[in-house]
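Subject: Structure handover

Hello,

Here is the structure I said I would pass on. Please open it first; my notes on it follow below.

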Amino acid sequence: MAKKNVSSQPPSRRTDRWADHRRWLERAEHIATQPINRGGSPHPTVRVGAVLVDSKGREIASSSNRFAEGVDRRRPERYKDGSKSLWINCAEQMALIQALRQGKKISGARLYVTLEPCATCAGLIAEAKIAEVIVPVDAMRRYAKLKAKYKNSIETGLIKLTEAGTRLISVDTHKPVTRK
């Protein structure tokens, strides 16, 4: 009979869910801040990234808030106040559509986003049966130029997610200090 390996120490490759959350949020941030020609956000002040992850921890899809495929992002009038939101799609929408185009199963997935979802995206997330939405704790503060109408839309979105049973997790993205 083989002897069991018994140790009072945890396995060296122990899974830290918070570390996983921070890693995926870091990935979402990286996607948002990529150069535009590499999929980064063209928005001048609110660059949002989203990563959709399945229950096994594998990336399903990712995107930034950006223009739809084939829509000309170079036209300056599309960046004027009041026009950007009509032209630039949310990162959550783009990640969801990317996953659906690829035939991925999204029900029960986790969505990592650098900013809380707006009312429209929250409705889509609820309809898609996304299990969890994970955002940085200080997400809205990081977007100092976010207009009041978007803050209100986010507040409505949070209510939608709560009522739909989608779990919202806020993660401190700052590296924890190890005390000796």
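**Strands, cores and surface**

Gly49 has Ser64 in E2 as its bridge partner. E1 and E2 pair in the antiparallel sense over five bridges (two strands pair if DSSP finds at least two bridges between them). The two strands form a hairpin with five residues between them, and Gly57 in the turn has a positive phi of about 85°. E2 is mostly covered, with five of its six residues buried (buried is under 20% relative accessible area, exposed over 50%, partly exposed in between, with a 1.4 Å probe and protein chains only).

Before going further, the basis: this is a predicted model, in which local features need pLDDT of at least 70 and side-chain atom pairs count only at pLDDT 80 or more, while totals for chains, interfaces and linings use all residues. Residues are numbered from 1 along each chain as its sequence is written, and side-chain values use heavy atoms, with hydrogens and water left out.

The protein chain has six helices and seven strands (DSSP runs numbered from the N terminus: helices are H or I with at least four residues, strands E with at least two). Of its 180 residues, 40% count as buried.

The largest nonpolar core has 27 residues, of which Leu52, Leu115 and Ile130 touch the most other members (a nonpolar core is a set of buried Ala, Val, Leu, Ile, Met, Phe, Trp, Tyr and Cys residues joined through side-chain atoms within 4.5 Å). Elements giving two or more residues to this core include strand E1 (49-53), strand E2 (59-64) and helix H3 (91-101). H3 gives the most, with four residues. A second, separate core of 10 residues includes Leu25, Val53, Tyr112 and Ile169.

Leaving aside neighbours within four places in sequence, the contacts of Ile130 include Leu52, Leu96, Ile106 and Thr166 (contact means heavy atoms within 4.5 Å).

In H3, the buried residues are Ala91, Glu92, Met94, Ala95, Leu96 and Ala99. Among the elements that cover them are E1, E2, E5 and H4. Just after H3, Gly103 takes a positive phi of about 70°.

Which loop holds Val71? Val71 lies in the loop between E3 and helix H2 (84-87). Val71 is partly exposed, with a relative accessible area of 31%.

Regards
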